Amino acid sequence: MNKNLPFTHPSYANENNLEEDNQRLEFLGDSLLGFIVSNFLYENFEDKDEGFLSHFKSQLVSTETISNFAKKLEIDKKLLLSSGEEKNKGRENQKILADSFEAYLAYIFLKKGLKKAKKLVEELLKEEIEIKKEKLEKLDSKSNLQQICQKKGLPIPEYKINCQEGPPHKPVFKIDVFIEGKYFGSGIGASKKEAEQKAAEEALKKLKE
């Protein structure tokens, strides 16, 4: 396999009449990245529920995050782009960078095995996880509330719709949260999920009093 294949953008392959570009590798790398990140989170965050892990994973495999990984590996300097993509600043394009990182990850996997591919991703994840974990834990009040309840030996919080207002295309929900049947707070939001998060925030404040 050509060592430049992970960095060969389709535009370059088309412009230079090449038979292969990095799209097949990118396809494999996308699934591989998802598996490695999921496995890492599962093994290192045993106290977190599925909702937290899913949300965290989506942050870690976002185009923005993966494009930053590509820059750390200087993939932006190795990209093979058409003259048109060069003019359009393709080396700064997050989607192109993220796709090329996934292609490179697949290349490492095929050439050196899963162990090397995991090591590459996990080393890049360490700093990113600390940054995003702090932000995510502040945002995910529902998971925090559930964990605190479990530690205190309390049942899982129960969320109930208090009312729904506004037109069908733009509803506003008010949701109450109860622990052991006792009211702990309410939240209002444009979606049930948003209202539940805000209700959980209120409950967390009461539990800390």
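User: Hi! Which residues is Gln147 in contact with, leaving aside its neighbours within four places in sequence?
Analyst: Gln147 is in contact with Asp47 and Lys48, once those sequence neighbours are set aside. Bear in mind that this is a predicted model.

User: Thanks! Where is the place of Gln147?
Analyst: Gln147 is in helix α9, which covers residues 141–151.

User: And is Gln147 buried or exposed?
Analyst: Gln147 is buried, because its relative accessibility is 11% and the cut-off for buried is under 20%.

User: Let's switch to cysteines. How many disulfides does the count come to?
Analyst: The count comes to 0 disulfides.

User: OK, so why does Cys149 count as buried, and why is Cys163 partly exposed?
Analyst: Cys149 is buried because its relative accessible area is 1%, under the 20% limit. Cys163 has a relative accessible area of 24%, and partly exposed covers values between that limit and 50%, so this cysteine falls there.

User: Now the nonpolar core. Which residues of the largest one touch the most other members?
Analyst: That would be Phe101, Leu105 and Leu125, in a core of 31 residues. Helices α2 (23–44), α3 (50–60), α4 (63–72), α7 and α8 (114–139) each supply at least two residues of this core.

User: Which helix gives the most to it?
Analyst: Helix α7 does, with 7 residues.

User: What does Leu125 touch, not counting residues up to four places away in sequence?
Analyst: Leu125 touches Val37, Phe40, Leu60 and Phe69. There is also a second, separate core of 10 residues, with Cys149, Phe184, Ala200 and Ala203 among them.

User: Back to α7, then. How many residues does it have, and how far does it reach?
Analyst: Helix α7 runs over residues 94–112, so to speak a stretch of 19 residues. From first C-alpha to last it reaches 26 Å, close to the 27 Å expected at 1.5 Å a residue.

User: Which residues of α7 are buried?
Analyst: The buried ones include Ile96, Leu97, Phe101, Leu105, Tyr107 and Ile108. Asp99, Ser100 and Glu102 are also among them.

User: What caps the N-terminal end of α7, and what follows the helix?
Analyst: Asn93 is the cap, with a side-chain oxygen 2.9 Å from the backbone nitrogen of Lys95. After α7 comes Gly113, whose phi is positive, near 100 degrees.

User: Last one: how is the chain divided into domains, and how far apart do their C-alpha centres lie?
Analyst: Domain 1 takes in 5–141 and domain 2 takes in 154–208. The C-alpha centres of domain 1 and domain 2 are 36 Å apart.

Technical notes: Residues numbered from 1 in each chain as written. Predicted model: local features only at pLDDT ≥ 70, side-chain atom pairs only at ≥ 80, totals over all residues. Heavy atoms only, no water. Helix = DSSP H or I, 4+ residues; strand = E, 2+ residues; numbered from the N terminus. Expected span 1.5 Å × (residues − 1). Buried < 20%, exposed > 50% of the residue type's maximum accessible area, 1.4 Å probe, protein only. Polar contact = N/O pair within 3.5 Å; in protein donor to acceptor, adjacent residues only side chain to side chain. Domains from an automatic or database assignment. Contact = heavy atoms within 4.5 Å. Disulfide = S-S within 2.5 Å. Core = buried A, V, L, I, M, F, W, Y, C linked by side-chain atoms within 4.5 Å.
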